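Trainee: I am new to this structure and would like to learn how to read its features. Please show it to me, and then we can go through it.

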Amino acid sequence: MANLEKLVSELPTLIQSLKLTIGDSNQIMEQIILINNAQEQLRNIKKLIAQELKFENIKGSAIATLPRIGTVATLFIPSVELVDPAIAEKFGHSKTKISLTELQSKIDGWIEWGYFLQAIATDILSDAPFVNQLNSDINHLSIRTKFQIIAENLKNNLFFEDFNILERQIQKISNYQNELLELQQKLNYVFNTIKNSRSLLNILLGVSAFCGKSGFALEWLDDDHELIISSDGKFQELTDILNDCDYFQEQIAALIIQGDTLREQAEQALKKIEQESSKEPIISQDVQIVPFSTQKIVRSALVIASSLLILGFGGWKIKEHSQLQQMSLSLTQEASANTKFKSAQKLGMEAASLVQKPPHPLKAWQQAQNKWYKAIILLDSIPNETSVSDRAKKKLAYYQINYKSISQRVLVEKQALANLELAQNLAIEASLFVKNSPYSLLIRQQAQDKWQQAINLLEAIPENSSVSIQAKETLIIYKTNYAAIR
(Lines give C-alpha, C1' and ligand atoms only; values in the text may rest on other atoms or scores of the structure.)
Protein backbone atom coordinates (compact mmCIF):
# COMPACT_ATOMS: atom_id res chain seq x y z
CA MET A 1 0.00 0.00 0.00
CA ALA A 2 2.85 2.38 0.81
CA ASN A 3 4.32 1.88 -2.67
CA LEU A 4 0.91 2.54 -4.22
CA GLU A 5 0.45 5.74 -2.21
CA LYS A 6 3.89 6.95 -3.31
CA LEU A 7 3.04 6.36 -6.98
CA VAL A 8 -0.36 8.01 -6.61
CA SER A 9 1.33 11.08 -5.10
CA GLU A 10 3.17 11.46 -8.43
CA LEU A 11 -0.06 11.34 -10.46
CA PRO A 12 -0.45 15.14 -10.97
CA THR A 13 2.97 15.34 -12.63
CA LEU A 14 2.20 12.29 -14.77
CA ILE A 15 -1.15 13.63 -15.94
CA GLN A 16 0.31 17.04 -16.80
CA SER A 17 2.83 15.32 -19.08
CA LEU A 18 0.01 13.71 -21.08
CA LYS A 19 -0.21 16.41 -23.71
CA LEU A 20 1.28 16.94 -27.16
CA THR A 21 2.93 20.29 -27.92
CA ILE A 22 2.80 21.10 -31.63
CA GLY A 23 5.01 23.80 -33.05
CA ASP A 24 8.56 22.59 -33.41
CA SER A 25 8.33 19.24 -35.23
CA ASN A 26 11.81 18.25 -33.97
CA GLN A 27 10.45 17.93 -30.43
CA ILE A 28 7.51 15.66 -31.27
CA MET A 29 9.54 12.43 -31.14
CA GLU A 30 10.83 13.34 -27.67
CA GLN A 31 7.26 13.89 -26.51
CA ILE A 32 6.18 10.46 -27.79
CA ILE A 33 8.81 8.92 -25.51
CA LEU A 34 7.63 10.98 -22.52
CA ILE A 35 4.00 10.00 -23.14
CA ASN A 36 4.97 6.34 -23.41
CA ASN A 37 6.87 6.54 -20.09
CA ALA A 38 3.86 8.15 -18.41
CA GLN A 39 1.59 5.39 -19.71
CA GLU A 40 3.95 2.75 -18.32
CA GLN A 41 3.85 4.32 -14.87
CA LEU A 42 0.06 4.49 -15.04
CA ARG A 43 -0.06 0.79 -15.87
CA ASN A 44 2.09 0.03 -12.82
CA ILE A 45 -0.29 1.98 -10.59
CA LYS A 46 -3.21 0.08 -12.13
CA LYS A 47 -1.55 -3.28 -11.32
CA LEU A 48 -0.97 -2.26 -7.71
CA ILE A 49 -4.60 -1.14 -7.42
CA ALA A 50 -5.76 -4.52 -8.73
CA GLN A 51 -3.62 -6.28 -6.12
CA GLU A 52 -4.97 -4.03 -3.36
CA LEU A 53 -8.58 -4.63 -4.38
CA LYS A 54 -7.95 -8.38 -4.50
CA PHE A 55 -6.57 -8.25 -0.94
CA GLU A 56 -9.63 -6.24 0.17
CA ASN A 57 -11.93 -8.94 -1.26
CA ILE A 58 -10.02 -11.71 0.49
CA LYS A 59 -10.02 -9.79 3.76
CA GLY A 60 -13.76 -9.14 3.46
CA SER A 61 -14.57 -12.81 2.93
CA ALA A 62 -12.37 -14.10 5.79
CA ILE A 63 -14.01 -15.11 9.07
CA ALA A 64 -11.40 -13.49 11.26
CA THR A 65 -8.24 -11.68 10.25
CA LEU A 66 -6.00 -9.14 11.86
CA PRO A 67 -6.63 -5.61 10.54
CA ARG A 68 -4.05 -4.45 8.02
CA ILE A 69 -2.77 -1.04 9.01
CA GLY A 70 -3.34 1.64 6.39
CA THR A 71 -5.40 -0.55 4.06
CA VAL A 72 -8.50 1.28 2.85
CA ALA A 73 -10.53 1.26 -0.35
CA THR A 74 -9.80 4.95 -0.97
CA LEU A 75 -6.71 7.06 -1.54
CA PHE A 76 -5.87 10.72 -1.22
CA ILE A 77 -4.58 12.25 -4.45
CA PRO A 78 -2.56 15.48 -4.10
CA SER A 79 -4.55 18.44 -5.38
CA VAL A 80 -3.34 20.15 -8.56
CA GLU A 81 -3.00 23.89 -8.06
CA LEU A 82 -4.15 26.50 -10.59
CA VAL A 83 -5.82 24.13 -13.04
CA ASP A 84 -7.72 25.90 -15.80
CA PRO A 85 -11.46 25.10 -15.68
CA ALA A 86 -11.30 23.96 -19.31
CA ILE A 87 -9.21 20.92 -18.35
CA ALA A 88 -10.41 20.42 -14.79
CA GLU A 89 -12.09 17.17 -15.84
CA LYS A 90 -8.71 15.80 -16.88
CA PHE A 91 -7.50 16.07 -13.26
CA GLY A 92 -10.78 15.07 -11.65
CA HIS A 93 -11.83 18.58 -10.56
CA SER A 94 -11.09 19.44 -6.93
CA LYS A 95 -11.53 15.95 -5.51
CA THR A 96 -8.67 14.80 -3.34
CA LYS A 97 -10.20 11.55 -2.10
CA ILE A 98 -11.10 8.85 -4.59
CA SER A 99 -11.97 5.17 -4.43
CA LEU A 100 -9.55 2.66 -5.94
CA THR A 101 -12.22 1.55 -8.42
CA GLU A 102 -12.78 5.15 -9.58
CA LEU A 103 -9.04 5.66 -9.87
CA GLN A 104 -8.76 2.55 -12.06
CA SER A 105 -11.37 3.99 -14.41
CA LYS A 106 -9.59 7.35 -14.57
CA ILE A 107 -6.26 5.67 -15.28
CA ASP A 108 -7.86 3.85 -18.23
CA GLY A 109 -8.99 7.23 -19.59
CA TRP A 110 -5.52 8.76 -19.19
CA ILE A 111 -3.83 5.79 -20.89
CA GLU A 112 -6.32 5.97 -23.77
CA TRP A 113 -5.61 9.72 -24.14
CA GLY A 114 -1.91 8.90 -24.34
CA TYR A 115 -2.57 6.45 -27.21
CA PHE A 116 -4.56 9.14 -28.99
CA LEU A 117 -1.68 11.63 -28.69
CA GLN A 118 0.85 9.06 -29.91
CA ALA A 119 -1.30 8.29 -32.95
CA ILE A 120 -1.52 12.00 -33.84
CA ALA A 121 2.23 12.46 -33.34
CA THR A 122 2.95 9.48 -35.62
CA ASP A 123 0.61 10.84 -38.32
CA ILE A 124 2.31 14.24 -38.13
CA LEU A 125 5.84 12.86 -38.47
CA SER A 126 4.83 10.70 -41.42
CA ASP A 127 3.36 13.68 -43.31
CA ALA A 128 6.24 15.71 -44.79
CA PRO A 129 4.09 18.62 -46.13
CA PHE A 130 2.46 18.96 -42.72
CA VAL A 131 5.85 19.11 -40.97
CA ASN A 132 7.07 21.71 -43.48
CA GLN A 133 4.02 23.88 -42.83
CA LEU A 134 4.52 23.59 -39.06
CA ASN A 135 8.13 24.68 -39.41
CA SER A 136 6.99 27.62 -41.53
CA ASP A 137 4.25 28.73 -39.09
CA ILE A 138 6.67 28.72 -36.17
CA ASN A 139 8.59 31.56 -37.88
CA HIS A 140 5.60 33.90 -37.86
CA LEU A 141 3.90 35.82 -35.06
CA SER A 142 0.55 34.55 -33.82
CA ILE A 143 -2.50 36.34 -35.20
CA ARG A 144 -3.24 37.73 -31.76
CA THR A 145 0.27 39.18 -31.31
CA LYS A 146 0.43 40.57 -34.86
CA PHE A 147 -2.93 42.29 -34.44
CA GLN A 148 -1.89 43.84 -31.11
CA ILE A 149 1.31 45.25 -32.63
CA ILE A 150 -0.51 46.85 -35.58
CA ALA A 151 -3.28 48.23 -33.35
CA GLU A 152 -0.69 49.78 -31.03
CA ASN A 153 1.21 51.39 -33.91
CA LEU A 154 -1.95 52.90 -35.38
CA LYS A 155 -2.56 54.69 -32.08
CA ASN A 156 0.40 57.02 -32.74
CA ASN A 157 -0.58 60.67 -33.29
CA LEU A 158 0.14 62.34 -36.61
CA PHE A 159 2.81 65.07 -36.67
CA PHE A 160 1.00 67.74 -38.69
CA GLU A 161 3.73 70.39 -38.69
CA ASP A 162 6.47 68.48 -40.57
CA PHE A 163 6.06 67.63 -44.27
CA ASN A 164 8.67 64.83 -44.35
CA ILE A 165 7.43 63.17 -41.18
CA LEU A 166 3.87 63.22 -42.52
CA GLU A 167 4.97 61.54 -45.74
CA ARG A 168 6.68 58.76 -43.76
CA GLN A 169 3.60 58.35 -41.54
CA ILE A 170 1.34 58.01 -44.59
CA GLN A 171 3.61 55.27 -45.93
CA LYS A 172 3.57 53.48 -42.57
CA ILE A 173 -0.23 53.63 -42.42
CA SER A 174 -0.43 52.11 -45.92
CA ASN A 175 1.97 49.34 -44.89
CA TYR A 176 -0.06 48.55 -41.77
CA GLN A 177 -3.25 48.42 -43.80
CA ASN A 178 -1.65 45.96 -46.20
CA GLU A 179 -0.59 43.84 -43.22
CA LEU A 180 -4.16 43.97 -41.91
CA LEU A 181 -5.47 42.73 -45.26
CA GLU A 182 -2.98 39.84 -45.13
CA LEU A 183 -4.13 39.12 -41.58
CA GLN A 184 -7.73 39.04 -42.81
CA GLN A 185 -6.81 36.45 -45.44
CA LYS A 186 -5.04 34.32 -42.86
CA LEU A 187 -8.05 34.52 -40.55
CA ASN A 188 -10.31 33.38 -43.40
CA TYR A 189 -7.97 30.42 -43.99
CA VAL A 190 -7.93 29.51 -40.28
CA PHE A 191 -11.71 29.78 -39.92
CA ASN A 192 -12.54 27.76 -43.05
CA THR A 193 -9.90 25.12 -42.34
CA ILE A 194 -11.04 24.48 -38.76
CA LYS A 195 -14.75 24.66 -39.52
CA ASN A 196 -14.92 22.69 -42.78
CA SER A 197 -12.06 20.14 -42.58
CA ARG A 198 -12.88 16.54 -41.72
CA SER A 199 -9.25 15.59 -41.27
CA LEU A 200 -7.79 16.27 -37.82
CA LEU A 201 -4.38 17.07 -39.32
CA ASN A 202 -5.91 19.74 -41.55
CA ILE A 203 -7.69 21.23 -38.54
CA LEU A 204 -4.38 21.31 -36.68
CA LEU A 205 -2.84 23.19 -39.61
CA GLY A 206 -5.50 25.88 -39.15
CA VAL A 207 -4.68 26.08 -35.45
CA SER A 208 -0.96 26.24 -36.26
CA ALA A 209 -1.53 29.21 -38.58
CA PHE A 210 -3.52 30.93 -35.82
CA CYS A 211 -0.94 30.34 -33.05
CA GLY A 212 2.26 30.86 -35.09
CA LYS A 213 5.40 31.24 -32.95
CA SER A 214 3.42 30.65 -29.78
CA GLY A 215 2.80 27.04 -30.78
CA PHE A 216 0.02 25.03 -29.14
CA ALA A 217 -0.58 21.85 -27.18
CA LEU A 218 -3.34 19.24 -27.31
CA GLU A 219 -4.49 19.14 -23.69
CA TRP A 220 -7.67 17.08 -23.37
CA LEU A 221 -11.16 16.37 -24.74
CA ASP A 222 -14.20 18.03 -23.16
CA ASP A 223 -17.50 16.31 -22.33
CA ASP A 224 -18.62 16.63 -25.97
CA HIS A 225 -15.27 15.23 -27.17
CA GLU A 226 -14.18 18.60 -28.54
CA LEU A 227 -10.44 19.15 -28.53
CA ILE A 228 -9.07 21.50 -25.86
CA ILE A 229 -5.95 23.40 -26.94
CA SER A 230 -3.56 25.60 -24.98
CA SER A 231 -1.36 28.38 -26.33
CA ASP A 232 0.41 31.16 -24.41
CA GLY A 233 -1.16 29.87 -21.20
CA LYS A 234 -4.69 30.20 -22.59
CA PHE A 235 -6.97 27.14 -22.86
CA GLN A 236 -9.51 27.05 -25.70
CA GLU A 237 -11.81 24.70 -27.54
CA LEU A 238 -11.80 24.79 -31.33
CA THR A 239 -15.10 26.69 -31.16
CA ASP A 240 -13.39 29.40 -29.11
CA ILE A 241 -10.76 29.84 -31.83
CA LEU A 242 -13.51 30.26 -34.43
CA ASN A 243 -15.09 32.93 -32.21
CA ASP A 244 -11.71 34.65 -31.92
CA CYS A 245 -11.47 34.66 -35.73
CA ASP A 246 -14.82 36.48 -35.89
CA TYR A 247 -13.67 38.93 -33.23
CA PHE A 248 -10.38 39.75 -34.97
CA GLN A 249 -12.14 40.17 -38.33
CA GLU A 250 -14.37 42.82 -36.75
CA GLN A 251 -11.43 44.55 -35.07
CA ILE A 252 -9.37 44.52 -38.27
CA ALA A 253 -12.23 46.07 -40.24
CA ALA A 254 -12.40 48.85 -37.63
CA LEU A 255 -8.61 49.36 -37.80
CA ILE A 256 -8.67 49.58 -41.60
CA ILE A 257 -11.32 52.32 -41.34
CA GLN A 258 -9.20 54.03 -38.71
CA GLY A 259 -6.17 53.81 -41.01
CA ASP A 260 -8.15 55.33 -43.90
CA THR A 261 -9.21 58.21 -41.68
CA LEU A 262 -5.68 58.84 -40.42
CA ARG A 263 -4.24 58.70 -43.92
CA GLU A 264 -6.87 61.14 -45.19
CA GLN A 265 -6.06 63.49 -42.33
CA ALA A 266 -2.35 63.26 -43.10
CA GLU A 267 -2.86 63.85 -46.84
CA GLN A 268 -5.01 66.91 -46.13
CA ALA A 269 -2.32 68.21 -43.81
CA LEU A 270 0.29 67.76 -46.57
CA LYS A 271 -1.84 69.75 -49.00
CA LYS A 272 -2.24 72.51 -46.44
CA ILE A 273 1.50 72.71 -45.88
CA GLU A 274 2.09 72.83 -49.65
CA GLN A 275 -0.49 75.58 -50.04
CA GLU A 276 1.02 77.59 -47.21
CA SER A 277 4.48 77.25 -48.77
CA SER A 278 3.22 78.57 -52.14
CA LYS A 279 1.71 81.66 -50.45
CA GLU A 280 5.05 83.06 -49.19
CA PRO A 281 5.26 86.83 -50.14
CA ILE A 282 7.73 87.91 -52.85
CA ILE A 283 9.36 91.33 -52.16
CA SER A 284 10.20 93.37 -55.29
CA GLN A 285 13.78 94.43 -55.88
CA ASP A 286 12.48 97.96 -56.74
CA VAL A 287 11.51 98.68 -53.14
CA GLN A 288 14.33 101.16 -52.88
CA ILE A 289 12.57 103.63 -55.23
CA VAL A 290 9.20 103.48 -53.56
CA PRO A 291 8.37 106.65 -51.60
CA PHE A 292 8.42 106.45 -47.81
CA SER A 293 4.63 106.51 -47.43
CA THR A 294 4.21 103.75 -50.01
CA GLN A 295 6.83 101.61 -48.27
CA LYS A 296 4.92 101.98 -45.06
CA ILE A 297 1.75 100.85 -46.80
CA VAL A 298 3.56 97.88 -48.33
CA ARG A 299 4.97 96.90 -44.95
CA SER A 300 1.52 97.24 -43.42
CA ALA A 301 0.07 95.09 -46.18
CA LEU A 302 2.74 92.47 -45.62
CA VAL A 303 2.07 92.45 -41.88
CA ILE A 304 -1.69 92.09 -42.49
CA ALA A 305 -1.13 89.32 -45.07
CA SER A 306 1.18 87.55 -42.66
CA SER A 307 -1.37 87.88 -39.85
CA LEU A 308 -4.12 86.53 -42.07
CA LEU A 309 -1.90 83.66 -43.06
CA ILE A 310 -1.26 82.83 -39.43
CA LEU A 311 -4.95 83.13 -38.58
CA GLY A 312 -5.87 80.97 -41.55
CA PHE A 313 -3.39 78.30 -40.52
CA GLY A 314 -4.59 78.54 -36.91
CA GLY A 315 -8.19 78.17 -38.05
CA TRP A 316 -7.21 75.12 -40.07
CA LYS A 317 -5.44 73.67 -37.02
CA ILE A 318 -8.57 74.22 -34.91
CA LYS A 319 -10.66 72.52 -37.57
CA GLU A 320 -8.19 69.64 -37.78
CA HIS A 321 -8.21 69.33 -33.98
CA SER A 322 -12.02 69.22 -34.02
CA GLN A 323 -11.97 66.55 -36.71
CA LEU A 324 -9.47 64.52 -34.74
CA GLN A 325 -11.62 64.80 -31.63
CA GLN A 326 -14.65 63.69 -33.62
CA MET A 327 -12.68 60.79 -35.11
CA SER A 328 -11.39 59.81 -31.67
CA LEU A 329 -14.94 59.86 -30.31
CA SER A 330 -16.14 57.71 -33.22
CA LEU A 331 -13.32 55.20 -32.71
CA THR A 332 -14.03 55.08 -28.98
CA GLN A 333 -17.70 54.38 -29.69
CA GLU A 334 -16.71 51.69 -32.19
CA ALA A 335 -14.33 50.07 -29.72
CA SER A 336 -16.99 50.18 -27.00
CA ALA A 337 -19.55 48.60 -29.33
CA ASN A 338 -17.15 45.80 -30.26
CA THR A 339 -16.36 45.16 -26.60
CA LYS A 340 -20.05 45.02 -25.72
CA PHE A 341 -20.78 42.67 -28.61
CA LYS A 342 -17.95 40.35 -27.62
CA SER A 343 -19.02 40.39 -23.96
CA ALA A 344 -22.63 39.65 -24.90
CA GLN A 345 -21.50 36.80 -27.14
CA LYS A 346 -19.42 35.36 -24.31
CA LEU A 347 -22.34 35.59 -21.88
CA GLY A 348 -24.58 33.89 -24.43
CA MET A 349 -22.12 31.02 -24.85
CA GLU A 350 -21.82 30.64 -21.08
CA ALA A 351 -25.61 30.62 -20.70
CA ALA A 352 -26.00 28.02 -23.45
CA SER A 353 -23.28 25.89 -21.87
CA LEU A 354 -24.98 26.00 -18.46
CA VAL A 355 -28.17 24.40 -19.74
CA GLN A 356 -26.66 21.68 -21.91
CA LYS A 357 -27.88 18.14 -21.19
CA PRO A 358 -30.85 18.89 -18.90
CA PRO A 359 -32.38 18.40 -16.42
CA HIS A 360 -30.69 20.96 -14.18
CA PRO A 361 -31.41 22.35 -10.71
CA LEU A 362 -33.23 25.66 -10.41
CA LYS A 363 -29.97 27.53 -9.64
CA ALA A 364 -28.47 26.54 -13.02
CA TRP A 365 -31.54 27.74 -14.93
CA GLN A 366 -31.49 31.03 -13.00
CA GLN A 367 -27.79 31.55 -13.72
CA ALA A 368 -28.41 31.01 -17.43
CA GLN A 369 -31.41 33.34 -17.30
CA ASN A 370 -29.28 36.05 -15.68
CA LYS A 371 -26.54 35.70 -18.31
CA TRP A 372 -29.03 35.93 -21.19
CA TYR A 373 -30.52 39.05 -19.56
CA LYS A 374 -27.10 40.74 -19.22
CA ALA A 375 -26.25 39.84 -22.83
CA ILE A 376 -29.55 41.38 -24.03
CA ILE A 377 -28.84 44.61 -22.12
CA LEU A 378 -25.36 44.85 -23.72
CA LEU A 379 -26.63 44.20 -27.27
CA ASP A 380 -29.51 46.64 -26.87
CA SER A 381 -27.06 49.41 -25.88
CA ILE A 382 -24.95 49.13 -29.07
CA PRO A 383 -25.47 52.29 -31.25
CA ASN A 384 -26.93 51.89 -34.78
CA GLU A 385 -24.03 53.66 -36.50
CA THR A 386 -21.38 51.14 -35.36
CA SER A 387 -20.03 48.34 -37.56
CA VAL A 388 -21.48 45.59 -35.33
CA SER A 389 -24.97 47.09 -35.16
CA ASP A 390 -26.58 44.69 -37.66
CA ARG A 391 -24.99 41.64 -36.07
CA ALA A 392 -26.02 42.87 -32.63
CA LYS A 393 -29.65 43.19 -33.74
CA LYS A 394 -29.68 39.63 -35.07
CA LYS A 395 -28.08 38.32 -31.89
CA LEU A 396 -30.51 40.37 -29.80
CA ALA A 397 -33.55 38.74 -31.44
CA TYR A 398 -32.04 35.29 -30.93
CA TYR A 399 -31.05 35.98 -27.32
CA GLN A 400 -34.51 37.34 -26.49
CA ILE A 401 -36.05 34.05 -27.66
CA ASN A 402 -33.58 32.12 -25.52
CA TYR A 403 -34.25 34.34 -22.51
CA LYS A 404 -38.00 33.81 -22.86
CA SER A 405 -37.51 30.05 -23.14
CA ILE A 406 -35.18 29.90 -20.14
CA SER A 407 -37.52 32.07 -18.09
CA GLN A 408 -40.29 29.57 -18.78
CA ARG A 409 -38.02 26.74 -17.60
CA VAL A 410 -37.28 28.67 -14.41
CA LEU A 411 -41.02 28.92 -13.72
CA VAL A 412 -41.51 25.21 -14.41
CA GLU A 413 -38.63 24.29 -12.11
CA LYS A 414 -39.93 26.56 -9.34
CA GLN A 415 -43.39 24.99 -9.62
CA ALA A 416 -41.92 21.49 -9.55
CA LEU A 417 -39.98 22.26 -6.37
CA ALA A 418 -43.07 23.82 -4.80
CA ASN A 419 -45.15 20.73 -5.69
CA LEU A 420 -42.57 18.40 -4.17
CA GLU A 421 -42.28 20.43 -0.97
CA LEU A 422 -46.08 20.72 -0.54
CA ALA A 423 -46.54 17.00 -1.24
CA GLN A 424 -43.95 16.15 1.43
CA ASN A 425 -45.72 18.41 3.96
CA LEU A 426 -49.07 16.77 3.18
CA ALA A 427 -47.51 13.34 3.62
CA ILE A 428 -46.15 14.33 7.03
CA GLU A 429 -49.57 15.60 8.08
CA ALA A 430 -51.27 12.40 6.87
CA SER A 431 -48.81 10.25 8.80
CA LEU A 432 -49.33 12.30 11.97
CA PHE A 433 -53.12 12.03 11.65
CA VAL A 434 -53.02 8.23 11.51
CA LYS A 435 -50.36 7.99 14.22
CA ASN A 436 -52.36 10.13 16.69
CA SER A 437 -55.79 8.56 16.01
CA PRO A 438 -55.25 5.18 14.34
CA TYR A 439 -58.85 4.00 14.92
CA SER A 440 -60.80 7.13 14.01
CA LEU A 441 -62.64 6.70 10.69
CA LEU A 442 -62.90 10.48 10.17
CA ILE A 443 -59.18 11.00 10.79
CA ARG A 444 -58.31 8.17 8.43
CA GLN A 445 -60.51 9.75 5.78
CA GLN A 446 -58.69 13.09 6.22
CA ALA A 447 -55.33 11.31 5.99
CA GLN A 448 -56.49 9.58 2.82
CA ASP A 449 -57.43 12.94 1.29
CA LYS A 450 -53.99 14.36 2.10
CA TRP A 451 -52.24 11.36 0.53
CA GLN A 452 -54.39 11.87 -2.58
CA GLN A 453 -53.47 15.57 -2.75
CA ALA A 454 -49.79 14.70 -2.35
CA ILE A 455 -50.06 12.10 -5.14
CA ASN A 456 -51.74 14.63 -7.46
CA LEU A 457 -48.97 17.17 -6.82
CA LEU A 458 -46.21 14.64 -7.57
CA GLU A 459 -47.93 13.45 -10.75
CA ALA A 460 -48.04 17.07 -11.97
CA ILE A 461 -44.24 17.39 -11.84
CA PRO A 462 -42.88 17.37 -15.45
CA GLU A 463 -40.51 14.67 -16.71
CA ASN A 464 -37.80 17.21 -17.58
CA SER A 465 -37.67 18.65 -14.06
CA SER A 466 -34.59 18.14 -11.90
CA VAL A 467 -36.80 16.59 -9.17
CA SER A 468 -38.64 14.25 -11.56
CA ILE A 469 -36.77 11.13 -10.44
CA GLN A 470 -37.24 11.98 -6.77
CA ALA A 471 -40.93 12.62 -7.42
CA LYS A 472 -41.39 9.23 -9.09
CA GLU A 473 -39.65 7.40 -6.26
CA THR A 474 -41.72 9.26 -3.66
CA LEU A 475 -44.90 8.67 -5.65
CA ILE A 476 -44.56 4.89 -5.28
CA ILE A 477 -44.35 5.24 -1.49
CA TYR A 478 -47.29 7.64 -1.30
CA LYS A 479 -49.50 5.40 -3.44
CA THR A 480 -48.64 2.46 -1.20
CA ASN A 481 -49.59 4.47 1.88
CA TYR A 482 -52.82 5.62 0.22
CA ALA A 483 -53.76 2.03 -0.61
CA ALA A 484 -53.02 0.97 2.97
CA ILE A 485 -55.32 3.67 4.37
CA ARG A 486 -58.18 2.52 2.11
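**Reading the features**

Mentor: W113 is buried, at 4% relative accessible area; buried means under 20%, exposed over 50%, and partly exposed in between, with a 1.4 Å probe and protein chains only. This is a predicted model, in which local features need pLDDT of at least 70 and side-chain atom pairs count only at pLDDT 80 or more, while totals for chains, interfaces and linings use all residues. Residues are numbered from 1 along each chain as its sequence is written, and side-chain values use heavy atoms, leaving out hydrogens and water.

Trainee: How many aromatic pairs does a search of the whole structure find?

Mentor: A pair of aromatic rings is described by the distance of the centres and the angle of the planes. Rings of Phe, Tyr and Trp (its six-membered ring) pair if their centres lie within 6.5 Å; planes under 30 degrees apart are stacked, over 60 edge-to-face, and the rest tilted. The search finds eight such pairs. W113 lies in helix α5 (residues 100-125) and W220 in strand β4 (residues 216-221), so the pair ties together parts that are 107 residues apart in sequence. Helices (H or I, at least four residues) and strands (E, at least two) are DSSP runs, numbered from the N terminus. W220 is also buried, at 12%. Elsewhere, ring pairs join F147, F210, Y247 and F248 into a cluster.

Trainee: How many salt bridges does the structure hold?

Mentor: Side chains of opposite charge can pair when their charged atoms come close. A salt bridge is a side-chain nitrogen of Lys or Arg within 4 Å of a carboxyl oxygen of Asp or Glu. The structure holds 13. One of them joins E350 and K346 at 2.5 Å, N to O. Both residues lie in helix α11 (residues 292-354), four residues apart, about one turn of the helix. E350 is partly exposed at 25%, and K346 is exposed at 52%.

Trainee: Which residue forms a salt bridge with K450?

Mentor: E429 does, with the closest N and O atoms 2.8 Å apart. That pair links distant parts of the chain, since E429 is in helix α13 and K450 in helix α14, 21 residues apart. E429 is partly exposed at 33%, whereas K450 is buried at 16%. There is also a network of salt bridges linking R144, K234, D244 and K342.

Trainee: What do the buried residues of α14 pack against?

Mentor: They pack against α13 (389-436) and α15 (468-485), where contact means heavy atoms within 4.5 Å. Among these buried residues are I443, W451 and L458.

Trainee: How many disulfides does the structure hold?

Mentor: A disulfide is a pair of cysteine sulfur atoms within 2.5 Å. The structure holds zero. For C211, the nearest cysteine sulfur is that of C245, 10.0 Å away. C211 is buried at 4%, and C245 is buried at 1%.

Trainee: Which residues does S142 touch, not counting those up to four places away in sequence?

Mentor: S142 touches F210, C211, G212, K213 and S214. S142 itself is found in the loop between α6 (128-137) and α7 (143-153), and is buried at 6%.
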